[in-house]
Amino acid sequence: MNSEEGIEHHQLVTLDRPCQHCKVLELDDAEQGGIIKQRKDGGRYVDFGVVQEAHSQRPGYGVATRAVMAGFGQTGDEVQTFPKLELKLGYKRNDILPDLPGLTSTGADGCGFCEILKGDVTSAWGKIRDGINDRLNDGEEELHQAKLEITEVSYQCYETSHDEDKLIYLDSLYVFFTLAWKDGQRDCSLHYNIHADATDPCASWFQIWRRTLPDNYLSPPSIRRMNELINKSLSQDSTTIRNEQYYPTRLLDVGSCTDATLRLVVSKANPELVEGERYAALSYCWGPLEEAEKQLKTTSKTIKEHISQVDFARLPQTVADAVHICRNLNIRYLWVDALCIIQGDDGDFAEESFKMSEIYANSFLTLCILQGNSCTSGFLKRVHTPKMLQVNFHSNLDSSVSGKLYLRMLQTPEENLQDSTSTFMSGVVSGNPDEPMKLDLDRASWNERGWTFQEAWLSPRKVFFGPLMFHLSCGNIHESANGSGFDGVDFFPRPNMTPGDLPKEWYGLVTNYGNRKLSYEKDRLPAISAFSRIISEKKPDQQYLAGLWKSDLHRGLLWTPYSWSDLQTYLERPKEFVPPTWSWAHRPNGLAWVRHGSGDLYPISPEFELSNYYIDTEPRNPYGRVLGGVLELDAKTYQFPLCRGGGSVVETPSDERRWLNVIFHYTLLSEEGEYIASLHLDWLTLGAKKNPDDLKELDQLWMVLISRSSLNNIYGHFYQSKDKYVTDPEIMLGLLLLPAGKEDEFFKVGLWYSETRGLGGSKFWDDIPRRPVKLV
């Protein structure tokens with residue numbers, strides 16, 4: 001895309017009449033010590049030489065770098081030769097807030113940078129001032145004025161990390177300033193990203209990869225750029241190619257830019273309409289329950305009406321915006337859950353949620369909406385549309401090089417503001433350029449929602465629409481609209497994944513998914529059912545049991561949540577969704593498994609038999625909603641001696657605590673005070689420090705033996721520092737149980753492990769017979 005074509009879509013300000021202070025923004029490459037060099041492709045570029053300085057003065061120097069250098073016996077203060085990354089301009093200026101009469105005057109005289117800087121500094125000062133005033137005590141005078149001292153303005157370069165011959169590229173312009181008021185001061189900075197047209201000589205000369213983009217997603221330059229990235233992604237390998245013979249049960253026919261008719265199409269009933277056409281899938285947040293309930297849905301009462309026509313005016317804004325995108329990309333069909341699944345029909349929901357892995361995996365494109373927090377938010381209207389400054393450049397090293405640099409702040413001034421000083425760049429510059437995808441993703445409600453988790457992982461080609469810009473992820477291509485790269489969004493199953501990897505991958509998926517939010521908690525298992533279906537199909541010997549796997553129960557049962565504080569609350573169940581207490585879906589908010597993350601480094605084997613099981617699921621989706629479940633074990637159990645008035649539970653001394661990916665805060669002792677086991681109570685996972693004497697439930701607890709493992713990994717390494725009492729690396733693992741009221745029935749309420757010291761270890765269980773145990 002030629003960014004010159006898109007300039008008309010920006011609020012462009014040209015630095016054609018700079019004031020005496022801002023003339024230095026017209027970069028003099030010769031004065032900055034520039035040297036002409038040549039790339040391998042024959043192109044010429046400017047290099048600004050080297051500087052002698054300490055690591056501690058470099059951009060990005062921090063705790064992590066200091067720790068690495070310490071490992072090599074260095075302090076970070078040793079002077080070395082580095083590429084020159086900071087081009088200081090000698091810009092200094094004073095003014096008074098809030099009116100900034102100096103900047104106001106030069107801006108009014110035609111200085112474009114002063115015009116922009118005035119607005120940005122004013123916004124940044126507002127954030128600082130309001131923060132100070134909010135902390136004032138009663139009677140203290142509010143802050144209204146401050147002195148502004150601009151101490152330096154500098155162009156910031158970065159070093160490429162992906163090229164064999166590392167090159168320096170021009171990235172941003174930093175403005176360093178000090179704000180001073182009666183009782184204090186603050187050193188700050190604002191920065192502006194640098195863009196250039198791909199065909200402009202400046203792009204090659206300064207190695208600038210960032211491109212300008214219009215604010216309007218539907219502008220012709222934006223749509224061309226979107227199509228450019230989509231076409232680029234079509235070259236990816238077969239894992240990203242959809243089955244062109246597959247179509248969801250129902251699709252929304254979005255019509256076109258010239259024919260705005262909108263209606264629901266039943267694919268099998270209208271094969272002549274859908275065959276050969278591409279469809280997009282929408283991944284978005286329904287939002288709070290009150291908004292989710294109000295959005296337009298297909299129900300058994302409205303399906304005939306929707307097959308005839310869907311009223312565009314009644315669509316929630318996010319869905320309406322998705323229709324606009326599809327029309328402009330010439331994608332005829334769109335899959336939207338609220339319209340393509342018959343809402344309120346449990347049978348249709350079960351059937352369609354069962355197909356979710358196919359729906360997203362075979363979509364040509366998935367539109368992932370990072371902007372807003374509900375279906376009514378929309379995503380085409382840009383919240384932040386800053387002005388862009390055009391700076392004309394003429395090289396004093398090579399007269400044939402001239403062009404235009406475009407400076408623009410990525411985030412709002414309030415978000416862009418950093419504490420810093422111009423004399424110590426490592427205190428402000430992170431060592432990396434701004435990452436728009438990370439910024440968009442980190443603050444997106446979409447990234448916290450339950451359904452969007454599997455939608456993103458299953459979709460081979462995704463376009464993310466964030467407040468800052470759009471981004472495409474497909475195969476090895478992960479590129480933002482402005483040309484920025486980002487870490488890839490995971491795809492499941494991974495191309496190199498073997499059937500043996502799938503159960504292990506499951507624990508990682510569920511751990512990441514556990515704290516996602518849902519409008520309806522009954523969707524906890526359906527919203528991840530596509531993963532379980534894929535694992536079952538790729539590994540047919542795996543029997544799915546309400547979020548766990550039959551062949552791996554000796555590992556899968558050893559989970560704990562992060563977010564409860566009393567046993568009564570912990571055991572409460574949703575009225576419409578009754579997951580058994582042994583399933584992580586019972587309390588999913590943040591999860592951890594014993595030994596998870598260790599791969600196959602530690603051997604673990606079962607110490608029980610699964611004699612029977614019953615899971616009450618929906619007939620049309622065995623991986624969906626669960627209405628109850630029982631695991632019948634033939635296993636060894638032990639009742640806490642507290643019920644007989646003997647033994648005790650004490651806090652585990654810190655020098656005896658062992659990290660098994662779970663912390664065991666308590667220790668069970670015999671009547672003689674000898675060690676039996678280390679305990680972890682699920683309802684106290686957040687680390688609420690409670691005296692064991694206050695935990696009245698402890699005298700009701702039982703232990704059931706589930707697994708045998710070792711403190712030694714497969715390489716024989718034995719963690720020595722806390723093992724002064726341990727005589728053997730073998731450990732036993734199991735669940736803490738609370739009687740459920742019926743004979744042999746128990747709730748899972750915790751975990752335990754027992755190492756070989758005192759009465760603990762395998763010898764404790766040698767003479768205990770197995771018995772029937774029902775986990776409910």
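There are 33 salt bridges in this structure, each being a side-chain nitrogen of Lys or Arg within 4 Å of a carboxyl oxygen of Asp or Glu. One of them joins Lys-37 to Asp-47, with the closest N and O atoms 3.9 Å apart. Lys-37 sits in strand S2 (residues 35-38) and Asp-47 in strand S3 (residues 44-47), ten residues apart; strands here are DSSP runs (E, at least two residues) and helices are runs too (H or I, at least four), numbered from the N terminus.

A word on what you're looking at: this is a predicted model, where local features need pLDDT of at least 70, side-chain atom pairs count only at pLDDT 80 or more, and totals for chains, interfaces and linings use all residues. Residues are numbered from 1 along each chain as its sequence is written, and side-chain values use heavy atoms, leaving out hydrogens and water.

Now look at helix H16 (residues 450-458) and helix H18 (residues 529-538): their axes come within 9 Å and cross at roughly 45°. Those axes are lines fitted to C-alpha atoms over the stretch in contact, with angles from 0 to 180 degrees between N-to-C directions. From H16, Phe-453, Gln-454, Trp-457 and Leu-458 make the contact, meeting Ser-529, Ala-530, Phe-531 and Ile-534 of H18 (contact means heavy atoms within 4.5 Å).
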